[in-house]
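Here is my note on the model you sent over. Keep the 3D view open and follow the points one by one.

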Amino acid sequence: MKKILIANRGEIARRIIRTCERLGIETVAIHSEADGDLPYVSEATQAVLIGPNPVVQSYLQIDKIIEEAKKHGVDAIHPGYGLLSENAGFARRVAEAGMVFIGPSSDIIEKMGDKIKSRRTMIKASVPVVPGTEEGVTTLEEALQEAEAIGYPLMLKASAGGGGIGMVRCESEQALTQQFVSVKNRAKAYFGDDVVYLEKFIADARHIEVQIFGDHHGNLVHLYERNCSVQRRNQKVIEESPSPNLPQDVRERLCEAALQAGKAVNYTNAGTVEFIVDPDNNFYFLEMNTRLQVEHPVTEEVTGLDLVEWQLTVADGGELPSQDSIQTKGHAIEYRVYAEDPKTFFPSPGKLEKLQWGEGARIETGYEEGNQVTPFYDPMISKIIIRGTDRIDALSKSQTFFNHVTITGVKTNIPLFKEFIRSEEFISGDYATAVLPQWMEKIKEEHTL
């Protein structure tokens with residue numbers, strides 16, 4: 001591959017450009033009117049204005065993206081994460097246009113993108129799955145009937161959903177009645193599909209995922225696991241690898257189950273198999289993300305590998321190394337810095353008047369000082385990845401780092417990180433997905449973030 005179009009923006013576009021530059025591959029960046037002055041636009045070999053600010057008129061314009069890719073003579077398209085990365089139709093269109101889609105095939109994306117179909121596929125492959133419905137529920141009456149069999153509390157989820165969108169916990173029949181139509185409408189608005197299903201809520205669960213990679217020669221490997229249990233509104237904000245307080249035998253069984261899941265669909269390129277793990281270390285398949293994850297740098301930091309390079313190698317027909325050659329060393333933690341109010345998590349768009357980072361961290365950011373965080377896209381400013389010889393070292397370095405960060409012009413969640421990573425709840429490593437909201441409730445009267 002000589003030239004790649006990046007069908008994404010900001011931080012992940014810069015990340016892809018960096019690896020492509022090292023490998024001598026030219027890049028074409030697309031951008032909306034709002035993003036014209038972001039760093040990735042000037043860092044790419046070429047840049048193309050793809051449309052106005054709203055994503056539906058710019059980054060989701062499949063016809064326009066394919067047209068520009070042909071015009072610029074690219075060999076492949078990298079979708080990054082989010083946007084069109086898990087759009088089977090887009091992957092199919094890229095292939096039909098004679099270019100390589102840097103990711104799994106459209107068939108795999110289609111099969112695993114539908115959460116109901118993926119649950120059925122995993123059950124067939126003998127991968128443990130959270131109890132729930134195996135078909136979509138179309139009416140409230142049907143949902144209430146199924147819920148009675150599953151038991152409360154439970155999760156009402158959009159089958160085509162992702163990133164915590166189209167997902168709500170229901171504690172009772174009354175809650176399910178109140179939320180059913182709302183979740184269906186949200187699913188239709190965000191994903192173009194209003195199919196929903198029910199899943200048993202596993203109390204005090206950890207969210208642990210396994211990075212897998214497959215090539216076109218029948219090789220499938222795992223790159224170990226990440227703990228993604230620190231979440232707000234069902235969206236991850238801190239991820240770490242290896243997972244603290246996870247017995248080695250459970251880690252090995254999780255990784256093996258992830259490979260089973262990948263083999264069930266002949267998986268190729270980068271993928272992540274997500275599990276929830278209960279207090280007794282029983283684990284259940286949650287979903288498979290058929291793309292590179294936001295949190296992939298923590299895996300890179302402990303394995304010493306470049307996952308984007310691996311994606312390009314696989315897409316270009318290359319072979320992956322053996323499982324035995326993939327080892328981990330040290331501990332890495334990623335913090336997602338958002339332009340948002342740390343107390344309410346409401347977005348805080350504005351100009352980054354000052355952007356000063358501490359030392360001793362890997363910083364993946366889509367912005368530079370003076371850039372505007374607009375209200376049109378996800379308000380993530382950067383990802384801070386800190387590696388230590390062990391978890392204690394990584395935590396110590398994290399605390400030092402955040403004491404030397406200055407961001408003005410917008411509110412950020414850095415005040416939250418500075419306090420939370422000093423809490424016993426986080427330092428112990430023995431935390432579940434409710435840890436952040438529970439901790440915030442506890443300190444509400446003690447501190448002001």
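1. Start with the open sheet of eight strands, whose order is E13-E12-E9-E10-E11-E14-E19-E17, with antiparallel pairing. Strands here are DSSP runs of E with at least two residues, helices are runs of H or I with at least four, and both are numbered from the N terminus. Two strands count as paired if DSSP finds at least two bridges between them. In general, strands of a sheet pair through backbone hydrogen bonds, either parallel or antiparallel.

2. Now look at the edges. Strand E13 (283–289) and strand E17 (362–365) each have a single partner strand, so one side of each is left without a neighbour in the sheet. Neighbouring strands of this sheet are turned by 25° against each other on average, direction ignored. For such angles, axes are lines fitted to C-alpha atoms, for helices over the stretch in contact, and the angles run from 0 to 180 degrees between N-to-C directions.

3. A word on reading all this: the model is predicted, so local features need pLDDT of at least 70 and side-chain atom pairs count only at pLDDT 80 or more, while totals for chains, interfaces and linings use all residues. Residues are numbered from 1 along each chain as its sequence is written, and side-chain values use heavy atoms, with hydrogens and water left out.

4. Strand E12 (residues 269–277) deserves a visit. Six bridges join E12 to E13 in the antiparallel sense; threonine 272 stands opposite asparagine 289, and isoleucine 276 has tyrosine 284 as its bridge partner. The two strands form a hairpin with five residues between them, and asparagine 281 in the turn has a positive phi of about 70°. E12 also pairs with E9, antiparallel, over nine bridges, with isoleucine 212 opposite glycine 271.

5. Is E12 enclosed or open? Nine of its nine residues are buried, so E12 is largely enclosed by the rest of the structure. Buried means under 20% relative accessible area, exposed means over 50%, and partly exposed lies in between (1.4 Å probe, protein chains only).

6. Next, find E11. Six of the seven residues of E11 are buried.

7. Which helices meet these strands? Helix H9 (residues 248–264) lies across strand E9 (206–214), strand E10 (220–232), E12 and E13, running at about 110° to E10. Helix H15 (residues 435–443) packs on the sheet and touches E10 and strand E11 (235–241), its direction making about 25° with that of E10. Contact means heavy atoms within 4.5 Å.

8. Finally, compare two loop residues. Threonine 290 lies in the loop between E13 and helix H10 (296–303) and is buried, with a relative accessible area of 1%. Leaving aside neighbours within four places in sequence, its contacts include Ser85, Pro104, Met112 and Tyr267. Valine 56, in the loop between strand E3 (46–51) and helix H3 (62–71), counts as exposed at 52% relative accessibility.
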